[in-house]
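Hi,

Here is the model I promised to pass on to you.

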Amino acid sequence: MDFQNENISRYNFEQCTKCTVCTVVCPVTPVNPRYPGPKQAGPDGERYRLKDSVFFDEAFKYCLNCKRCEVACPSDVRIGDIILAARIAHTKSRPSLRDTMLAETDLMGSLATICAPVVNTTLAMKPVKYIMDRTLGIDSHRRFPKYAGTKFVTWFRRNAESLQADYPRQVSYFHGCYVNYNYPDLGKAFVRLFNAVGVGVHLLDRERCCGVAKISNRLVKEATRDAKINLDAVRKAISGGSEAVLATSSTCCFTLRDEYPHMLGLDNADVRPSITLAVAYLARLIESGDIKLVFRDDYRRRIAYHTPCHMERMGYTQYSIGLLSSIPGVELIVLNPNCCGIAGTYGFKKENYQTSQAIGAPLFEQIERVRPDFVATDCETCKWQIEMSTLQRVYNPIEVLAEALDFDATRKANNLNI
Amino acid sequence: MKFDTVIIGAGLAGITAAIRLAEEGKNVGLVSAGRSSMHFNSGALGLLGFDTDHHPVDDVPTALVSLLPDHPYSKLGDAYVTRAASDAADLLRRAGVRTVGSAVHNHTRISPLGILRPAWLTLDNIATLDSLKSLSESCVAIISLAGFLDFYPRFIASSLEKEGFRCEIITIDTPELKALRSSETEMRAANIARIMQGDTLLSFARAIREAVRTSEATALIIPAVVNFDGDGEALRLRKAVGRQLFYAPTMGVSVPGIAMHTRLLRYFLSLGGRLLNGHRVTSADFDGDKLSAVYTDKFDGDALRADNFVFAAGSFFGRGIVALPDAVIEPSLGLDTFAPSDTSQWHKPDLFDRQPIMKAGIAVDDRFRALRNGSPVTNLFAAGAALAGADSVREDSGAGVAMLTALYVADEILNNN
Ligand SMILES: Cc1cc2nc3c(=O)[nH]c(=O)nc-3n(C[C@H](O)[C@H](O)[C@H](O)COP(=O)(O)OP(=O)(O)OC[C@H]3O[C@@H](n4cnc5c(N)ncnc54)[C@H](O)[C@@H]3O)c2cc1C
Ligand code: SF4
Ligand code: SF4
């Protein structure tokens, strides 16, 4: 009995009943026959690898780390974790210059923002794309997300920061690289929306990239360094009076909550429940009656919602779906579960471009068929991929809520006269 | 999060109850930890395939009478079973799952091992003995795929030959199947089905057409490796092959089972149902004789509240109930279970004998309210394989118990309000 209880392996791998349900949902299996599939790469192979790392297969790099296998597994085996941990432990080659560049989102972002107009045009130029394709292996079909001229943080410090302390509740915002460098509009919408319901917004003392790209590109040392800075900043924010640390990106949120302890071995149990997604925080406060959202009468939209893989893994999908469908003028279509194929930096790599597009194809087809006014999703890389592969624009649910909100009525409903 | 009803477990029982309630306009939250045993359903549903003496059942109402009083069917009553069985087929049809079969007389289907077995409902397109017998010629070709180990054409042939058929076995291969085999562990039915679209499907059809050109067979039986996703692949293949075509189930994760799961779930979602995918219920709050909230492993203490709850977490598969060395427990809500208290009584030495542990499950009162510390939780109803009293594998009653008890508890909930 005790022996049974104490003999639990990492990632629950010994719980596997060999049912093969995980292979049914893996997005890579049907499009890349060289990939051994989650069961083989995960719990099956792990038994051999524990004996000898010759059983490691370089083809594991085709795993997207989407964790859809884990959501499907009836026995709670953490298959995606097993595979990623094996890649980190056993891959012989060092991460290439290209992988390092793609993963260094902070460094690249800082450099690029300073010279945004130049970088945007340069990254879009055919010869540059050709050279990146040939020398670095970054696929030339890829459109790079545009870098904004003014970082979100700069905007926040200039325009919003001084007003925040006056609100009755306080949260901190983990904006992530994407909001900071590429899409400050989402950050601005976040601040407007939260202020309207009486919640003041703060930045973390220090914020580094969540590290998802570094982890999946096996840059563990660098990821751990950043993760420790982030966790310290989260702890400081919570002890300094923030109710929660909120992200608008499902992947940032997932990385801080789950990949830090599982992949980097960092204990975050003390603050994990305080780190959550903005939609989860809002939904909980609305249900408890602490805040109210009032929407514009004239807002009419047909919206297709795409569930990002890590959103599904966190189990948070219903928060976004619930909030979006609470807007009276919204007709919400929930798209069939299907990975978009980009998986962060994965789809940017030349060797993965075809796989990446093939994985997303059913999703793109459904979006074109449904013909919504726009697509809503909680992940920025899903947004790039869908905008690149369909004719649709993609917005974060927070932006949609902010767009549909009747600000004056909402402020009144929340008794605000600031 | 607040719902009218929260359902724990999204297998055949949970989804059936969820659909029934959502059809009546209820706000339903369906909580699902991992995929269900429906993924192994071989394209046929059992109501009662074998009686207590393990004889195949033809006339179901007669066999019902002989069941023990602790059997879920005995609790439902024979008349209810027969009536609800046809309601269940209607519900499947509304969800886009077409079946053949009757609640009174079983028909004969082909099992994944090629054995002829009684069935209640068989999915459209899947071979039954009746469908084969209705053919003008009794000559069939069984198509087998090179390198595919989850299908046993010889066994099917020997079963059908006993019924007077002439059978021919033809093995085919295509470049696409060859490519799939380069990862040999991935040559499984579901993986084949996922590539069987567009050109790959046409290449498959061409290979079949070529291989049966000189065969006299009027009908072909092929393994169920074509996507039944409602996108018409099965129909397209039939057209492209140009002969009568039936599917036979395979071992392992089953393509018709996945298709049934997908359609039922999509229907539930189309009714406005809310799915909490990947959540495992781990604890609960009770308020007197009522369940007031359940908690999952994903929500950091955010409760799922509802007026009524359905426990449909299945049996040992999926861990609705768990066998410890000395007891069978229900791990999430601490419900009462029923299993022989002496563990030496759990198993019989002969594997094919009746195994008493297979009847283990949670205990309910006569209205299917779950018991906790000996008394019913008045707003918690239980359905499906989670229930004690049925030996669903031996009796082949799994789908029937799941759907009929689910319909019953849904009606209890609707009538209570
Ligand atoms: C391998 C196999 C093959 C079968 N083949 C057939 C067949 O061909 N025909 C037939 O008629 N019957 C078949 N059966 C019988 C089958 O059990 C029933 O038909 C029926 O599908 C049972 O449905 P259920 O919903 O009660 O349970 P399940 O299908 O087991 O579903 C229960 C679900 O609840 C989830 N769950 C468990 N605990 C929790 C929790 N705490 N929180 C949230 N979710 C939870 C599980 O993960 C699972 O998804 C088969 C059974 C098995 C195991
Ligand atoms: S789904 Fe889980 S239990 Fe089944 S084979 Fe995969 S890892 Fe094993
Ligand atoms: S994490 Fe995603 S890509 Fe990797 S094995 Fe699991 S399902 Fe497949």
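Let's start with ligand 1: one of its oxygen atoms lies 3.1 Å from a backbone N or O atom of Leu12(B). That is a polar contact, meaning a pair of N or O atoms within 3.5 Å (within protein, one must be able to donate a hydrogen and the other to accept it, and residues adjacent in sequence count only if both atoms are side-chain atoms). Another oxygen atom entry to look up is the one 2.7 Å from a polar backbone atom of Ala385(B). On the side-chain side, an N or O atom of Asn41(B) sits 3.2 Å from a nitrogen atom of ligand 1. Taken alone, ligand 1 exposes 990 Å², and the protein buries 86% of that; these accessible areas come from the Shrake-Rupley method with a 1.4 Å probe, and for residues only the protein chains shown count as cover.

A quick word on how to read all this: it is a predicted model, so local features need pLDDT of at least 70 and side-chain atom pairs count only at pLDDT 80 or more, while totals for chains, interfaces and linings use all residues. Residues are numbered from 1 along each chain as its sequence is written, chains are lettered from A and ligands numbered from 1 in the order in which they are written, and side-chain values use heavy atoms, with hydrogens and water left out.

Which residues come nearest to ligand 1? Of the 34 around it, they are Ala13(B), Ala33(B), Ser37(B), Val281(B) and Ala385(B). (A residue is near if one of its heavy atoms lies within 4 Å.) The shell has 16 nonpolar, 15 polar and three charged residues. Here Ala, Val, Leu, Ile, Met, Phe, Trp, Tyr, Cys and Pro count as nonpolar, Asp, Glu, Lys and Arg as charged, and the others, Gly among them, as polar. H13(B) gives the largest share, three residues. (Helices are DSSP runs of H or I with at least four residues, strands are runs of E with at least two, and both are numbered from the N terminus.)

Now over to chain A. Ligand 2 has 14 residues around it, and the closest are Cys16(A), Cys19(A), Thr20(A), Cys22(A) and Cys73(A). Helix H2 (21–25) and H3 of chain A each give two or more residues to that shell. By class, the shell around ligand 2 has nine nonpolar, three polar and two charged residues.

Around ligand 3 you'll find, among others, Cys26(A), Cys63(A), Cys66(A) and Cys69(A). Its shell has ten nonpolar, one polar and one charged residues.
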